[in-house]
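Let's take a friendly look at how charged side chains pair up in a protein chain. Have the structure open and follow along.

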Amino acid sequence: DSEFYSLGAGRRVPGAAGLFVMLLLCAARPPPASRRSAPAKMLRNIDRCEALIFTTSSAVDQPTSRLRRGVSRLLAEASDDGALVALLEPPGSPEHEPLPGAVTWPTNAAEPTVAELTSLRESMHIAAPAGFAGAPGAAWGREPVAARCVVLVTSLGATAAALGAGMRAVGVPPEEEGWLDERPTLRRGRDAAHTPTRA
C-alpha cells in the first residue's frame, strides 16, 4: 500500500495501520470545553471598559425612583472588572435609589455637555491600571481613556455629548419596555398574512 498517514515530526505510518493510529489519537483528545459554562456578560471583554457613566434616566425608573432592571448586574460586573462608575445628575432631579459605588456628577442642564463629560473623566482616577500589551501599569495611576468610557444614554443630546467627548454611547429606552412598542408583531390565526401591527 503506497498511502501514508503523517503523525507529525516527520513520522509516517503506511496504510491501514496509520489510519488506526490516527483514530486512537483522536479518541484520546479531551472534549472541547463548553462555551456555555460561563454566563454571558453585559460588559464585554473586548470593550475593556474603564469607566461606566449613567445618565439618570438610563439608571433610574422615573415613576418608581428605583434602579432599572439590569443596572445592579451591570454595576456588579463593572466592580468585578475594576471599572469606575459615575452618575450624571441634572438639576432638580428627584430623590432616587442610589447607585452603589457610583460618583455623582452634577450637570448644568437636563442634557450633559461635552465639557462636563470631559471634566468628569479627568476627575476620575484609576489607581493601578493595566499596562498596554502586557506591560506593567503606571504605579501612580491615571485617568480613564476616553475611548474606554461607556455612557448609557436615553436621548440624542446625551449621545452627541458622549461621542463629542470621545466616548462610546449605548442607547437604552427612556422607559422600561419602551422600545418594545416600536417592534412590529405578527398576528396569529387563520389570517397569519405577516401583517405588522403595533403592540
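**Salt bridges in this model**

Glu50 and Arg148 form a salt bridge, with their closest N and O atoms 3.2 Å apart. This pair joins distant parts of the chain, as the two residues are 98 residues apart. Keep in mind that the model is predicted. The count of salt bridges comes to 5. Side chains of opposite charge can pair when their charged atoms come close.

- Glu50 sits in the loop between helix H1 (15-28) and strand E3 (51-55), while Arg148 sits in the loop between helix H4 (114-123) and strand E8 (149-153).
- Glu50 has a relative accessible area of 10%, so it counts as buried.
- Arg148 is buried too, with a relative accessible area of 14%.
- Arg142 joins Glu50 and Arg148 in a network of salt bridges.

**Arg66 and Glu97**

- A salt bridge links Arg66 with Glu97, and the closest N and O atoms are 3.8 Å apart.
- Arg66 is in strand E5 (residues 66-67) and Glu97 is in the loop between strand E6 (84-89) and strand E7 (103-106), so the pair ties together parts 31 residues apart in sequence.
- Glu97 is partly exposed, at 27% relative accessibility.

**Arg121 and Glu143**

- Arg121 forms a salt bridge with Glu143, where the closest N and O atoms are 3.1 Å apart.
- Arg121 belongs to helix H4 and Glu143 to the loop between H4 and E8, 22 residues apart.
- Is Arg121 buried or exposed? Arg121 is buried, because its relative accessibility is 12%, under the 20% cut-off.
- Glu143 counts as partly exposed, at 34% relative accessibility.

Technical notes
Residues numbered from 1 in each chain as written. Predicted model: local features only at pLDDT ≥ 70, side-chain atom pairs only at ≥ 80, totals over all residues. Heavy atoms only, no water. Salt bridge = Lys/Arg side-chain N within 4 Å of Asp/Glu carboxyl O. Helix = DSSP H or I, 4+ residues; strand = E, 2+ residues; numbered from the N terminus. Buried < 20%, exposed > 50% of the residue type's maximum accessible area, 1.4 Å probe, protein only.
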